[in-house]
Amino acid sequence: MSFKIEVENGKANVFTPYNSDFVRKIKNIGGAKWDGAAGCWTVPEDAADAVREIMREVYGRDDSP
């Protein structure tokens, strides 16, 4: 599974493997919502860096190549 953040229309779509710690932490970002149809979390675009930090804390990496 890849780690990816796609930004569009003021939102960041966040794709990661499931991890309960990640879910708990991303829920603390204001405006974070699970999009079951797309299989990703959505957060406001300006929260993308905070999500990357959570990715590094939980998974040891982010969406950087």
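Predicted model: local features only at pLDDT ≥ 70, side-chain atom pairs only at ≥ 80, totals over all residues.

## First stop: a charged pair in a helix

Select Arg 52 and Asp 49: the two form a salt bridge, with their closest N and O atoms 3.4 Å apart. Here a salt bridge is a side-chain nitrogen of Lys or Arg within 4 Å of a carboxyl oxygen of Asp or Glu. Because Arg 52 and Asp 49 are 3 residues apart in helix H2, about one helical turn separates them. Arg 52 is partly exposed at 21% relative accessibility, while Asp 49 is exposed at 58%. For these labels, buried means under 20% relative accessible area, exposed means over 50%, and partly exposed lies in between (1.4 Å probe, protein chains only).

Residues are numbered from 1 along each chain as its sequence is written, and side-chain values use heavy atoms, with hydrogens and water left out.

## More charged pairs

Side chains of opposite charge can pair when their charged atoms come close. How many salt bridges does a search of the whole structure find? The search finds 6.

Select Lys 25 and Glu 57 next; their side chains meet in a salt bridge at 2.9 Å, N to O. This pair links distant parts of the chain, with Lys 25 in helix H1 (residues 20-26) and Glu 57 in helix H2, 32 residues apart. Lys 25 is partly exposed at 25% relative accessibility, and Glu 57 is also partly exposed, at 48%.

Then pick Arg 56 and Asp 62, whose side chains meet in a salt bridge at 2.6 Å, N to O.

Return to the cartoon and colour the strands. There are 4 of them, forming an open, antiparallel sheet in the order S1-S2-S4-S3. Strands S1 (4-8) and S3 (33-35) are the edges, each pairing on one side only. On average, neighbouring strands are turned by 30° against each other, direction ignored. Axes are lines fitted to C-alpha atoms, for helices over the stretch in contact, and angles run from 0 to 180 degrees between N-to-C directions.

Zoom in on S2 (residues 11-15) and S4 (residues 40-44), which pair in the antiparallel sense over 4 bridges. Two strands pair if DSSP finds at least two bridges between them. Select Asn 13, and you will find its bridge partner, Thr 42, in S4. Helix H2 (residues 48-59) packs on this sheet, touching S1, S2 and S4, and its direction makes about 175° with that of S1. Contact means heavy atoms within 4.5 Å.

## Zooming out

Select everything: the protein has 2 helices and 4 strands, running β-β-α-β-β-α from the N terminus on. Helices (H or I, at least four residues) and strands (E, at least two) are DSSP runs, numbered from the N terminus. Buried residues make up 35% of the 65 residues.
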